[in-house]
Amino acid sequence: KDWSTAPPAALNQAKAEGKRVLLQFTGSDWQPDCIALHDRVLTQPAFRDWAAQKLVLVQADFPRHTSPSRALAEANKLLVRKYAVQGFPTLLLLDATGKELHRIEGYTNEGSLVWVGALKKKLNPDDK
């Protein structure tokens with residue numbers, strides 16, 4: 001499933017479906033760690049299949065080679081301020097009210113199974 005660019009709609013969807021929101025801040029077309037995370041984790045079946053069950057995916061992208069609409073660019077800047085994002089990639093696990101539950105800053109080449117395992121632990125700390 002593709003990433004939404006509309007956090008309010010994603011939060012409503014998460015509430016309706018009993019899911020969490022994964023909000024990704026990325027420089028999708030220029031930041032090397034963002035590109036690696038996309039290729040090695042976010043597009044892999046292990047992540048995609050699990051995320052489809054548990055998460056609503058939202059992306060705040062800050063590309064350099066394409067231009068998002070002015071409205072989207074402004075909305076993304078507001079999100080950076082709201083969540084005090086310092087760099088890319090940053091991924092936030094949010095509850096359906098938009099409250100931050102967990103933050104991942106940076107990417108160090110873990111595979112998709114490691115990522116999914118770590119996120120599962122954050123979603124369900126009591127699961128073994």
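Modeller: Let us begin at the start of helix H2, where a side-chain oxygen of Gln31 comes to within 2.7 Å of the backbone nitrogen of Asp33. This is a predicted model, in which local features need pLDDT of at least 70, side-chain atom pairs count only at pLDDT 80 or more, and totals for chains, interfaces and linings use all residues. Residues are numbered from 1 along each chain as its sequence is written, and side-chain values use heavy atoms, with hydrogens and water left out.

Colleague: What makes the approach of Gln31 to Asp33 a polar contact?

Modeller: A polar contact is a pair of N or O atoms within 3.5 Å; within protein, one must be able to donate a hydrogen and the other to accept it, and residues adjacent in sequence count only if both atoms are side-chain atoms. The pair here is an oxygen of Gln31 and a nitrogen of Asp33, within 2.7 Å, and therefore falls inside the limit of 3.5 Å.

Colleague: Which residues of H2 are buried, and what puts them on the same side?

Modeller: H2 is the helix of residues 32-42, and its buried residues are Cys34, Ala36, Leu37, Val41 and Leu42. Buried means under 20% relative accessible area, exposed over 50%, and partly exposed in between (1.4 Å probe, protein chains only). What covers them includes strand E1 (20-26), helix H3 (45-54), strand E3 (90-94) and helix H5 (112-123). Helices (H or I, at least four residues) and strands (E, at least two) are DSSP runs, numbered from the N terminus.

Colleague: Why is Lys77 called partly exposed?

Modeller: Its relative accessibility is 41%, so Lys77 counts as partly exposed. Lys77 belongs to helix H4 (residues 70-82). Ala84, in the loop between H4 and E3, is likewise partly exposed, with a relative accessible area of 42%. Ala84 also has a positive phi of about 50° although it is not a glycine. Pro89 lies in the loop between H4 and E3, and a cis peptide bond joins Phe88 to Pro89, with omega about -10°.

Colleague: What makes E2 and E4 the edge strands?

Modeller: The open sheet of four strands has the order E2-E1-E3-E4, with mixed pairing. E2 and E4 each pair on one side only, and are the edge strands. The twist averages 15° from one strand to the next.

Colleague: How do you know that E3 is mostly covered?

Modeller: Five of its five residues are buried. Thr90, Leu92 and Leu94 point one way from E3, and Leu91 and Leu93 point the other way.

Colleague: What is the largest nonpolar core, and which elements give residues to it?

Modeller: A nonpolar core is a set of buried Ala, Val, Leu, Ile, Met, Phe, Trp, Tyr and Cys residues joined through side-chain atoms within 4.5 Å. The largest has 18 residues, and those with the most contacts inside it are Leu22, Leu37, Val41, Phe47, Leu55, Trp115 and Leu119. The elements giving two or more residues to this core are H2, H3, strand E2 (55-61), E3 and H5. Apart from it lies another core, of 17 residues, among them Leu11, Val58, Phe62 and Leu79.

Colleague: Which residues are in contact with Leu22, beyond its neighbours within four places in sequence?

Modeller: Contact means heavy atoms within 4.5 Å. The residues in contact with Leu22 include Trp3, Phe47, Leu55, Leu92 and Leu119.

Note on methods: Two strands pair if DSSP finds at least two bridges between them. Axes are lines fitted to C-alpha atoms, for helices over the stretch in contact, and angles run from 0 to 180 degrees between N-to-C directions.
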